[in-house]
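This briefing is meant to be read alongside the sequence and the coordinates. Please keep both open while working through the points below.

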Amino acid sequence: MINLKFPDGSERKYPEPLTAIEVAKDIGSDVGRSALCVDIDGEMFDLRHEIDRDSNIRFIDFSDEKGKEIYWHSTSHIMAQAVVRLFPNVKVAIGPAIEQGFYYDFESEPFTDEDLLKIEKEVKKITKENHRFERKEVSREEAIEMFSSKGEIYKVELIEALPEGETISVYTNGEFSDLCRGPHLMSSSVVKKFKILSTSGAYWRGDSNNAMLQRIYGISFPTQEEMDLFLKIREEAEKRDHRKLGRELDLFSFHPEAPGIPFYHHKGVILKQLLIDYWRYEHDIDGYREIQTPQLMTKSLWETSGHWMNYKENMFVTEMEGSENALKPMNCPGGMLWYKSKLHSYRELPIRVSELGHVHRKEFSGALTGLFRVIAFTQDDAHIFMRADQIKDEILGVIRLTHRIYKTFGLDYSLALSTRGEKYIGRPEDWDIATKGLKDALDEYGQEYVIHEGDAAFYGPKIDIYVKNALGKAWQCGTVQLDMNLPERFDLNYIDESSEKKRVIMIHRALYGSIERFLGIILEHFGGFFPMWLAPVQISIIPVSDKYNDFATEVHSRLIKEGFRVEYDDRSEKVGYKIREADGVKKIPYMLVIGEKERDTGKFTVRRHKSNDTFELEIDEIILKLREECKERILPEGYKVEL
RNA sequence: GCUAAUGUAGCUCAGUUGGCUAGAGCAGCUGAUUUGUAAUCAGCCGGUCGGGGGUUCGAGUCCCUCUAUUAGCACCA
């Protein structure tokens, strides 16, 4: 008797061993249809896997992350099958599922658009041909023989890299066999909707010293509805592209004369300034003191900090009267000199020093993307100098500050702790203390976090903070890094209770990361429809005709004197035309249409952006209401995409 | 930096296999209109077709090169 337990607590007994798919069908036709693979006692298997003993069984379908992964992974095999059919000379490399779909790498001539169309057609054909995915376990020798006879050198390399004793399995769908751990779908016909998304070059094993392969990205879904939703989100992302919005809202521009460095237009400057004002407000609450250090500093400083050794390729170096200077790529060395400008007592600690430093870094030309990756940017940096017993509380303070700021923008975030890697400086026991400090802070904070083993900077462990925008796209913004290197190099001390010099402990941290990137993120997050407090233009005044210009001008200047950012559209156009531009194009939060009724009654009809909602109030009431909305930093409605 | 693609007016795009003076919509300007909640009408202006070199009787179109941009890779805030 085989006894199977299911997640809902139910149990089933079978007299003979049987396959997972038989169990699924036995439970019900819908489970039999939707199941993609099976979790048996925490391990994933194909549906054809035979169950011969008591187990905990969970069927996985497409709604499960794991199910998606298997679905996409199987589709990547099918795509490779199609490519090999059409181009017999290509060599196959690897083809994993990724967060959104999958890719497969080939050694081949670059694929043309026509090639991709052919491949897409062939994949659809293969899915209809209904090939079973057959699993076979083979010995290392068999596997090597099998792939080297076909000239599949990348597969052979992968097999040779597998650890001794590892089970080697090969999956065959139709005429195509691939080295693969699995599990896989039952057959190619489970894949219903398929689309090639893009192609690009990609280095073999992700190493730029290796050959460049041709990568094809694709996606697949069980239903057209799911495919449509996916495409809709992509379309929305395109509409919200910050480079497009930046131009449309007249915030910034790029010019070939300064690749990778933005030109801020008037409204962009306002936006940037508002971000900074808010940032200062929150930092004042937490007792930060703001400083500014020079843009240009001598070679000797960068030698002391270690940048001249480790970072020189990324720095802009200039020469003056025979001596070399560099534009700062980071703010820390300047901050260290600030700390050294006087003696510090243990009573002063912790000292929180912030700096909105404009830094320059040389980047590979291919890395630049709009505001997300630029050559010159403003970091919202701060350095905290402290004693060892203050680490946990200071880190916690930074995380809580970050939380306040991100929530103000309606951004969700996740946390990651990076621990010591192979290359590191300092004593392991100091690393342990530092890492424990970060970990304790995270544990006390209570939000889940992941650990990136060995991912720390060489000078200390760190916490990275990732934000997720309204379209689900994640970006690293904030970072909290413990630095055990610079206090040493700059000989930074404080005087302790017994009048002795002690080495100070220092963290670097940034919350926006860079103002540029953060601005790009929230532009896409809000789709250009900013909250009232952040909108470069908050109110558009729209006179019905120029008969009411005098009165409209009065209202305009009143609102400006009350501190609002107001635009006045006195063009000789119809109201509908002006509304369309103010709302749909410029994305201004409020519109005031002014005509006879307003002049005679003193009551204004206020139109809120992106809706046909209007409300009627007197001017003083409007001022109070909108001022309150700014003060509370109320988030706009409907900026999140319905998924 | 690597792979591929792209670059025509401020923006979005047409422009056949090379062939008259390079087109359109929007924006802008001028005039008419005096408008009540998502596009009023008419006229005008606007381009060394990214730069340079080449092939050709002739290049926006073909080739080379540089440059910028885009999607990835690699690197990173």
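The domain assignment of chain A, whose bounds come from an automatic or database domain assignment, lists domain 1 (2-60), domain 2 (65-231), domain 3 (277-520) and domain 4 (532-631). This is a predicted model, in which local features need pLDDT of at least 70 and side-chain atom pairs count only at pLDDT 80 or more, whereas totals for chains, interfaces and linings use all residues. Residues are numbered from 1 along each chain as its sequence is written, and chains are lettered from A and ligands numbered from 1 in the order in which they are written.

**Overall layout**

- Between domain 3 and domain 4, the C-alpha centres are 43 Å apart.
- Taken along the principal axes, the box filled by the C-alpha atoms of chain A is roughly 85 × 75 × 55 Å.
- Chain A has 643 residues, of which 35% count as buried, meaning that 20 or more other C-beta atoms, placed from the backbone, lie within 10 Å of the residue's own.
- Among the contacts in chain A with a separation of 6 or more, 69% come from residues 24 or more positions apart, a contact being two residues whose C-beta atoms, placed from the backbone, lie within 7 Å.
- Chain A contains 20 helices and 35 strands, which are DSSP runs numbered from the N terminus (helices H or I, at least four residues; strands E, at least two).

- An open sheet of 8 strands has the order 18-22-23-30-27-26-24-25 with mixed pairing, where two strands pair if DSSP finds at least two bridges between them.
- Its edges are strand 18 (289-290) and strand 25 (449-452), each of which pairs on one side only.
- Strand 22 (residues 351-360) runs antiparallel to strand 23 (residues 376-386), with 10 bridges between them, and serine 354 has alanine 382 in strand 23 as its bridge partner.
- Helix 13 (residues 391-408) packs on this sheet and touches strand 23, strand 24 (412-418), strand 26 (462-468), strand 27 (474-483) and strand 30 (505-514).
- The direction of helix 13 makes about 10° with that of strand 30, with axes fitted as lines to C-alpha atoms, for helices over the stretch in contact, and angles running from 0 to 180 degrees between N-to-C directions.

**Strands 19, 20 and 21**

- Strand 21 (residues 323-327) is joined to strand 19 (residues 296-298) in the antiparallel sense by 3 bridges, and leucine 327 in strand 21 is the bridge partner of leucine 296.
- Strand 20 (residues 317-320) also runs antiparallel to strand 21, through 4 bridges, and methionine 320 stands opposite serine 323.
- Strand 20 and strand 21 form a hairpin with 2 residues between them, and glutamate 321 in the turn has a positive phi of about 45°.

Note on methods
Buried ≥ 20, exposed ≤ 12 C-beta atoms within 10 Å, placed from the backbone.
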